[in-house]
Amino acid sequence: MIHVRDLTVTFGQGTRSVRAARDVSFTVAKGESFGLVGESGSGKSTVLRVLAGLNPYWTGEATVGGVAVAGRDARLPRMVQMVFQDPYASLHPRHTVDRALSEPLEIQGIGDVGPRVERALTDVGLGPAFRFRYPNQLSGGQRQRVAIARALMLEPKVLLLDEPTSALDVSVQAEILNLLRRLRQAHGLTLLLVSHNLAVIAHMCDRLAVMNRGQVVEEMDVATLRRQEPREAYTRQLLLASRGYDREVAAGIVTYD
Amino acid sequence: MNNPRASGATTTWRAQLLTDTPASRNQARLGQFYRGWLQFKRNRLAVLGLLIVLLLIVVAAFAPWIATHDPYAQDLARRLLPPGTPGNWFGTDEFGRDTFSRLVYGARITLMIVVLVAAIAAPIGLLVGTAAGYAGGWLDTVLMRVTDVFLAFPSLILALAFVAALGPGIENAIIAIALTAWPPYARIARAETITIRNSDYIAVARMQGARTARILWAYIMPLCVASLVVRVTLDMAGIILTAAGLGFLGLGAQPPMAEWGAMISAGRRYVLDQWWVATIPGIAIITVSLAFNLLGDGLRDVLDPRKS
């Protein structure tokens, strides 16, 4: 469903250029849930934004559902949509929930707007009472549900998730993750999830790739992650670090390049 | 949450406006509007400004019924009468025309100038600013350098030059003021656009396949309008003063038109002995300018997007 080969993303020009991703390659099968893990600045969100068509500065190959990401193909909106990290920044402050959910339908010329909006709201567990609220009348979790509903309005095959829970309260995180799992089953979605949280990845994904400094360090399945048996030294260090702060671990942290 | 049967009719419509679960887009929009009004109402001075502006509108709309005399009827036997004279409560000018009636008809001209300048300059500024800010690159450079050129001239001087080229008259004065008024609006709209063009909801719209025109119109402009409305309202005082200035210099409204600036200009010859001929239209200009400033201040408190 998602093919990425030798993806290299460069920001800036000349000597001051930064390569945020270097020769990244991975494949996600239809219906699979794939995770991209790494510390801040490892390039995982950059890869996601390339697949979303939001970053034009890259080389290599990237296709989603057989459609090339480069060149703003008209089929892409119905193929891939994205949920962003910060639900406080991803909803237009002057658009009601109704407007936010109707926009994709109107842009793509899909009729039957009212019933579809109500169905989408019910689908994410909000219900029609929320339809005409403004974002400032919603909590963070409710906003993220609206953002998820909006991403699903065009019935995409692939959903890109950029740290979908890291801006939310811990109590709400589990709700949103369970909602995403349910929606994935109900709609047969292929998920590409970016997170620095290994527990979230273990909960949501079948396979994952570990990224460091713009490169994929290793790919593994979730069973390997759960058994804590990674191949690479960097991944072992990441796993140790994710258990929480430990003086010995912190002292032993090495920079891998 | 809000039980419509809770009490009398007044609480019902308030409850409907303030409900957390509006039943339609219009109800939601009205609710937002009503919340804004409740906030605006707390600012006494802004309400005073609004009342004066409303009074100006009413006076302009019903001028023939409010005026006690024909504003152009001359009566040389009753020239330069002081205020308080029975029949001419605000006095008369050098041709014996009733100052009150001329003020009332002048309100029409003042209002027309303000409305037309705002209606011409604000959309131009909004369009130029949002297009430049969203597109970036060479379009931004070209549009902003043109804006800079216009900004470099003092607006009254540029308006003078335009009027001198186009010929004196109220229409040309309006065009000249509008041409000098849009650059600050373009600047504001561009600055707002740059802060929001990289936000996630714009990215979402792009992923949904929205065209640039739609993104500008439905996503960016609604967020720029708030600060623009505030700025235009605050500028209205300046617009009135510029128009009065042009009228005073003989380049705006032409005699015998009852325009406040031209009235001051005509009265300045008598300012030592018959001070009221120039003073009364001056007071009108000050009052209306102040009212627009107070209104703009109040609107800024309500509409400022950084406060919500």
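B:Gly31 sits in helix α2 (residues 25-41) of chain B; helices are DSSP runs of H or I with at least four residues, strands are runs of E with at least two, and both are numbered from the N terminus. This is a predicted model, in which local features need pLDDT of at least 70, side-chain atom pairs count only at pLDDT 80 or more, and totals for chains, interfaces and linings use all residues. Residues are numbered from 1 along each chain as its sequence is written, while chains are lettered from A and ligands numbered from 1 in the order in which they are written.

**Around B:Gly31**
- B:Gly31 counts as buried because it has 20 C-beta neighbours inside 10 Å; the cut-off for buried is 20 or more other C-beta atoms within 10 Å, with C-beta atoms placed from the backbone.
- Leaving aside residues up to four places away in sequence, B:Gly31 touches B:Leu17, B:Leu18, B:Thr19 and B:Pro22; a contact means that the C-beta atoms, placed from the backbone, lie within 7 Å.
- B:Phe162 is 131 residues from B:Gly31 along the chain, and their C-alpha atoms are separated by 45 Å.

**Chain A as a whole**
- Chain A has nine helices and 10 strands.
- The C-alpha trace of chain A spans about 55 × 40 × 35 Å along its principal axes.
- Of the 257 residues in chain A, 43% are buried.

**Where the chains meet**
- Chain A gives 28 residues to the contact and chain B gives 25 residues.
- On the side of chain A that touches chain B, the largest share, four residues, comes from α2(A).

Notes: Two residues are in contact if their C-beta atoms, placed from the backbone, lie within 7 Å. A residue is buried if 20 or more other C-beta atoms lie within 10 Å of its own, exposed if 12 or fewer, and partly exposed in between; C-beta atoms are placed from the backbone.
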